[in-house]
Each structure stands twice: as C-alpha cells, then as structure tokens.
Amino acid sequence: MGKIMKNRTKYTFALPALLLMVIIVAFPIAYNVFMSLHVWFVASGSGPRWVGFKNYITILFDKRFWNSIRVTILFTTGALGGEILIGVLLALFFNRNFKGKSIIKTIFLFPIAATPVAVSLIWAMMYNYDLGIINVLLKAVGLPPLLWLADPKLVIPALVITDVWQWTPLILLIVLANLESLPSDPFESAKVDGASTFQTILFITLPMVKPAIIVAAMIRSIDAIKTFDLIYVMTQGGPNIASENLNLYIFNQGFSYFRMGMASALAIVLFSIVMAVNVFLAIIRNKNTT
Amino acid sequence: MRKSFIKTFLFYTCIIIIAIIPLIVFLWMFLTGLKTQMDNLAIPPKIIFSPTLENFKSVFAQNNFLKYLFNSFVVATFAVAISLLFGLPAAYSIARFKMQKIGLSLLIARMVPFISYLIPWFIIFRRLRLVDTYIALITTHLIITLPFIIWIMVNFFENVPISLEEAARIDGCTYLQVFIRILIPVVRNGIFTSSVLGFIFSWNQFLFSLILSGNRTMTVPVAVFKFISYEEINWGGLAAAATTITLPPLILTLFIQKHMIKGLTSGAVKG
C-alpha cells in the first residue's frame, strides 16, 4: 500500500512538468529531426517534400557550412582558451583573504548578468574606427587605429575579446569558489616540505581544482559553440561571412532564406557538435575523479 | 616593515586595476548615454562634459520604450511563475525518488541549439496566427526557464533531510501537505535564487523574441537591436537604451550574489 502511494506521488508530482517538457521541448526536437529530412521553402506555399538524407549530403559539400565551422572553432577555442587561462590565473590571485573581497566578487557578477544585446552594442561602439574608445587609446600610445569589426582578419579576435570580457568572470568565480572550499592540510604539509609557491600551485592546487575547471569549461562550451546574440548584434556575421558561425548560418538559412529543411539539418549538426564536446569533457572529468 | 607595506600597496593596486576592467564598460555605456550628440562625436573624446538626461528622456518618450519594458516584464514573470508551478513538484519528486534519467535529459535539452526549438515553434505559431502574442513568447521562454528551475531545485530538495518529511507524514499529513507546508518554506532560498536567475535569462533572451515578437509584444533586447538599424549615429540614445535594459538584471544580481554561481553551475556538476 505504502509503495503504491509512493509510486503514485512520484508520478503525480512529476507528471505535469514532464508533459509540459514533452510538448515544448521533446516535440520540437522530434519535429526538427523530421524536418531535416525534407526540403521546404516556407515562402513557396507548398508543403514539405521528403528528400531523405539529401540535406545532410548537401551540407557536406557546402563551402559556407565549412566556413561557419571554421568560424565556430576559432571563436570557441579563442574564447574558451582565453577565459579559462585568465579566469584560473585570477582565481589563484584572488584566493587569499583581503579587504573588499566580497565587493570584488559582486563586481565580477555584473558582466555575467548583463543583457548580451546591450553588451554587444556597447562593444560595437567601442570598436568604432573613428570614435571608439579602443582606437582612441591605441592612438594615444602611438599605435595605428584598427578596423576591428570591418577587417575579416580582426573580426574574430575582436568578438573573442568581447566574449572573454563577459564570461571570464564566470570561470573565475566557479574556480575561486572551489579553491576556497579546499582543505588546508595538503598546503600546510607542502609548506613544511619546503615547496615553493609555484610548485604548490602546479602540483597541489591545480590538480585539486581540475574537476571544477572542467565543469566550468563544459558550461561555457555549451554556450560558446552556440553563440548567437553577440555576433548577430556586432557584425551580423560580416564582413561578408567572415564571422558567420554555425548558429548564425542556421539562422540565415531558416529566417533569411526560409529553407527550413536545410536549417533543421544544420541544427542537428550543431547539436551533435555540442554533445560531442561535452561527452569528451565529461570523460576527461570522470577519469580525473576516479 | 617597509617592504611589506609596499607589497600590500602593490597588491591592492593590482586588485583595483583588475576590478576596473568589468566596470569600465558599464561606466562608458552610462557616460555615453549622458553625453549630447555633439560631445559624443568630439575627437578626441571629451572626459569632462556637462551631463544631460536628454537621451534617457527621449528614449522613453519616442520609442514606446515603456511598453517594451512592460512586455519584457510580463513575459519573464509568467515564464518564471509557470516554471515554478510545474517545476517545483517535479524537482521534489526527481530529488526524492532519484529519477536521474530525467535529470540527465534536462541537461541534454540545454545543449540543443535554441534554433532547433525556434523553427518548429515558428511554423506552428505562424499557422495558429499566434506570432506577436505573449503566448508565443512565454511558451518559448519556458524552454529555457523550466528545465533550469527544475535543475536548481533538485539540488535544493536533495539537501532537505528526509526525516523532516517522515515526521510530518507520521502526524498524518498527505504528500501534498508535506510539500506545501514543510518543504516549500525550507527551500525558499532556492526558489528565490532560481526565480531571479530565470527572470534574468528570460529578460536577456534575444533569439526567440527576435522572430516571435512584433510591434505589440516586442521585448527590450529586440527593441534595442531594432533601434540600432535606424539610429546608428545616435550614440547617446543607443547607450541610454542599453543602460536602461541592462540595469534590471544588474540590480537583481545584488539580491542573489551569494547563491548565483552555485545556481548557474548546479545543472552541469552531476550530469
């Protein structure tokens, strides 16, 4: 009797949310897979036409797809690399007691919470060739001003800098929280053994926070690979397609050219990439914890 | 003695320089909003200028901005409220009865590109003539807030000792009574944190609103984006609008600062 009650409660509590999730999340995903096997120009007025895996084959030979993959890889590795490197270094630096530490932590929450559209807009102004503060500073120290968002070679680094500005604080705060929760014994015994600060960090601290760093990398990678707002607001994928990552390309296929089948197939590819990266990171993490 | 003083001085100098970097962008945004068009176009840029609130006034006067702020507020509030209504019982039951597979599927749902949800919903809402309605926006924003709130709350419910429930059960309370009278008050911190974060996510959401909103239901990120295309040169106005829309999330952050990072990471830690 008790067990039946327990089972009933288990499902009656979870059922409404599960049903809602099936409608708003699972159903669109299934529809997305289904659409990816069709050709459908929404604008044409006729319905979707079954084409099997043809969309996926088209993608393989699509130069613009491979360009978007290149942009996605460059942007993600640049952003993630910069954020982890700077975030971990700053976390190590902040990992001590000092006055105003809680204020510092609060300040670093601001970029994380700020509206991406607003942040992107302001950075686009700061990168402006004539009036932007960044070129003004470059000129002030005697360097030539740069085209930033209009230069195909500089546009990805410029976007990466903005992303690093906004998201390094997340890595920093995750790693710092982990550092603060570490037991003090290993550090004391290292001190007794005469280890230098550098040795302690390299051989004791870093291995201990490695799982936290990987978790931070997982969270960031999910969003960085799928970056949309930042690029769409700052460059719309331009100049030409120099900063069009996969997510923007999907958006253009779907909502500029209304090729819904093609956009759906590309979305499946993007999901597979996010999934693969996270499975890979999870494997590294699990190896580390056992 | 002197050496340690210099060391402390250098340390705090470093700290201040590092702390300025996140702030300076917001400061520049705010100052640009306070400058007249003349001052904004001056080369070299003016550091000393007489601040004016004209830009902020004209943003609110000209562009239906109050309406867009209201739209964002309505969509975010409903998305969070519905997520709590459905998500809290589900989170409790996932935590208590250890339904880990559901937990994992929520994590996978997070990895799906938003555009995978957007294409089907756009087609459906277009056919139902629901584009540019609150229903379309709230439904799609739920895709973000519902799994997120469930994830955070599972963690909070897991930390509630089971003995607390059992005592109440022996006193003759039903599961529902235990849930409402005992568990909800215990996890109120979690409810507050997850609600605020959910609100911020919905407030900041751009892609769904870009496609599914129109003149009637436009949310603020879309309004600011549309503002760019025809006000490209009006820096003061743009910066004032950007300042206005990013202020609510920044203020909300202050209320949840202790739990914010834990909230943002709780989903991925176990998956």
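**Exercise 1. Determine how many helices and strands chain B of this predicted model contains, and describe its overall dimensions.**

Solution. Step 1: Chain B of this predicted model holds 14 helices and zero strands. Step 3: The C-alpha trace of chain B extends about 75 × 75 × 30 Å along its principal axes. Step 4: The radius of gyration of chain B is 23 Å, whereas a compact globule of 271 residues would have one near 18 Å. Step 5: Of the 271 residues in chain B, 47% count as buried. Step 6: Considering contacts in chain B between residues at least 6 apart in sequence, one finds that 79% join residues at least 24 apart.

**Exercise 2. State how many residues of chain A are in contact with chain B, and characterise them.**

Solution. Step 1: In chain A, 66 residues are in contact with 66 residues of chain B. Step 2: The most residues on this side of chain A, 16, come from helix H1 (residues 2–35) of chain A. Step 3: By type, the side of chain A that touches chain B comprises 54 nonpolar, eight polar and four charged residues.

**Exercise 3. Compare the span of helix H9 (residues 197–225) of chain A with that of a straight helix, and locate its kink.**

Solution. Step 1: At 1.5 Å a residue, a straight helix of 29 residues would span 42 Å. Step 2: Between its end C-alpha atoms, H9 of chain A spans only 36 Å. Step 3: H9(A) has a kink of about 45° at Lys210(A), shortly before the proline Pro211(A).

**Exercise 4. Examine the backbone at Pro239(A), Asn240(A) and Asp132(B).**

Solution. Step 1: Most residues other than glycine have a negative phi, and most peptide bonds are trans. Step 2: The peptide bond joining Gly238(A) and Pro239(A) is cis, with omega about -5°. Step 3: Pro239(A) lies in the loop between helix H10 (229–234) and helix H11 (246–255) of chain A, and Asn240(A) is found in the loop between H10 and H11 of chain A. Step 4: The phi of Asn240(A) is positive, near 55°. Step 5: Asn240(A) has 10 other C-beta atoms within 10 Å, so it is exposed. Step 6: Asp132(B), in the loop between helix H6 (114–127) and helix H7 (134–158) of chain B, has a positive phi of about 70°. Step 7: Because Asp132(B) has 15 C-beta neighbours inside 10 Å, it counts as partly exposed.

Note on methods. Residues numbered from 1 in each chain as written. Chains lettered and ligands numbered in written order. Predicted model: local features only at pLDDT ≥ 70, side-chain atom pairs only at ≥ 80, totals over all residues. Contact = placed C-beta atoms within 7 Å. Helix = DSSP H or I, 4+ residues; strand = E, 2+ residues; numbered from the N terminus. Nonpolar A, V, L, I, M, F, W, Y, C, P; charged D, E, K, R; others polar. Rg over C-alpha atoms; globule rule 2.2 N^0.38 Å. Buried ≥ 20, exposed ≤ 12 C-beta atoms within 10 Å, placed from the backbone. Expected span 1.5 Å × (residues − 1). Bend = angle between axes of the 7 residues up to and from the residue.
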